Amino acid sequence: MEIAIASFRKSLPQWCCPSLQSDGAISVEEISHPLMADAIPNDFVLKKGVVLTGANASGKSTFMKAVAINVILAQTINTCVAKNMKMPAIQVMTSMALRDDVLQGESYYMREIKYLKRMLDELKTGESMLFVIDEILKGTNTRERLAASNAILSYMVQKQGFLLIATHDLELVYALKNRYDTYYFDSQVHEKDIVFPYKIRRGIVGKTNAIDLMELLDFPEEITDQARREAGKR
């Protein structure tokens, strides 16, 4: 086991032993995902709850996985893929990359709300947890998604533990901005290319890129032009 850990450390461009504390925030300096070659490191502080926004393919999900994985590595092999990491002892629960289950007869939404119910049940134990949720309740209609997501996340942030949430629903972000810190990942359009800096920033994303990506993949102009007209009305 020790040889395996030493080999893992040697394979990394940068690593550290975490500083485990009895309480306080999750604070990381130059954190990255252990499986990403030439990863762009990021600094980040999670005091209680954070809502992440950002353009498609800008790095939100990879960053969330990096945080969750490093929290686990810190408490199992005393190794973090970062320059520095401070955190309390916490468990990790995630709701990411879900799929429907044909064999069990469960829809995407049913599986998603079961994951969320597990998290709510865990809150009752009083254990310190890190909850990571990617695109909360995206399996249902917009009106109920916003209402239910706001209710769930407002409830969870009052309890013990940490929350790292990603969403494309800006209405939800503004509804939660007094309860959650906000960060975002950006993208830049240069002629016929989209550049992703993969750097996390404080605040709320100022622009989106879904239609830009459609144009980059040569969707018919009739489609992208209509999409821009419709988006401009909303």
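Rings to begin with. I looked up the aromatic pairs and got four of them. My rule: rings of Phe, Tyr and Trp (its six-membered ring) pair if their centres lie within 6.5 Å, with planes under 30 degrees apart called stacked, over 60 edge-to-face and the rest tilted. Phe-44 and Phe-63 make an edge-to-face pair, 5.1 Å centre to centre with 85° between the planes. Phe-44 sits in strand β3 (residues 42–46) and Phe-63 in helix α2 (residues 60–76), so this pair ties together parts 19 residues apart in sequence. Helices (H or I, at least four residues) and strands (E, at least two) are DSSP runs, numbered from the N terminus. Both Phe-44 and Phe-63 are buried; I use buried for under 20% relative accessible area, exposed for over 50% and partly exposed for in between (1.4 Å probe, protein chains only). I also noted that ring pairs link Phe-44, Phe-63, Tyr-183 and Phe-185 into a cluster.

A note on the model before I go on. It is a predicted one, where local features need pLDDT of at least 70, side-chain atom pairs count only at pLDDT 80 or more, and totals for chains, interfaces and linings use all residues. Residues are numbered from 1 along each chain as its sequence is written, and side-chain values use heavy atoms, with hydrogens and water left out.

Salt bridges next. I count a side-chain nitrogen of Lys or Arg within 4 Å of a carboxyl oxygen of Asp or Glu, and the structure has six such bridges. Arg-145 and Asp-169 meet at 2.7 Å, N to O. This pair links distant parts of the chain: Arg-145 is in helix α4 (residues 142–156), Asp-169 in the loop between β8 (162–166) and α5 (170–176), 24 residues apart. Arg-145 and Asp-169 are both buried.

Arg-228 and Glu-215 form another salt bridge, at 3.0 Å, N to O. Here Arg-228 in helix α7 (residues 221–233) is joined to Glu-215 in helix α6 (residues 210–216), 13 residues apart. Arg-228 is partly exposed at 36% relative accessibility, and Glu-215 is partly exposed at 35%.

I then checked Lys-124, whose side chain bridges to Asp-121 at 3.9 Å, N to O. Lys-124 is exposed at 67%, while Asp-121 is partly exposed at 32%. Salt bridges join Lys-117, Asp-121 and Lys-124 in a network.

Cys-16 is buried at 8% relative accessibility.

Last, the pocket. Helix α6 gives the most to the lining, with three residues.
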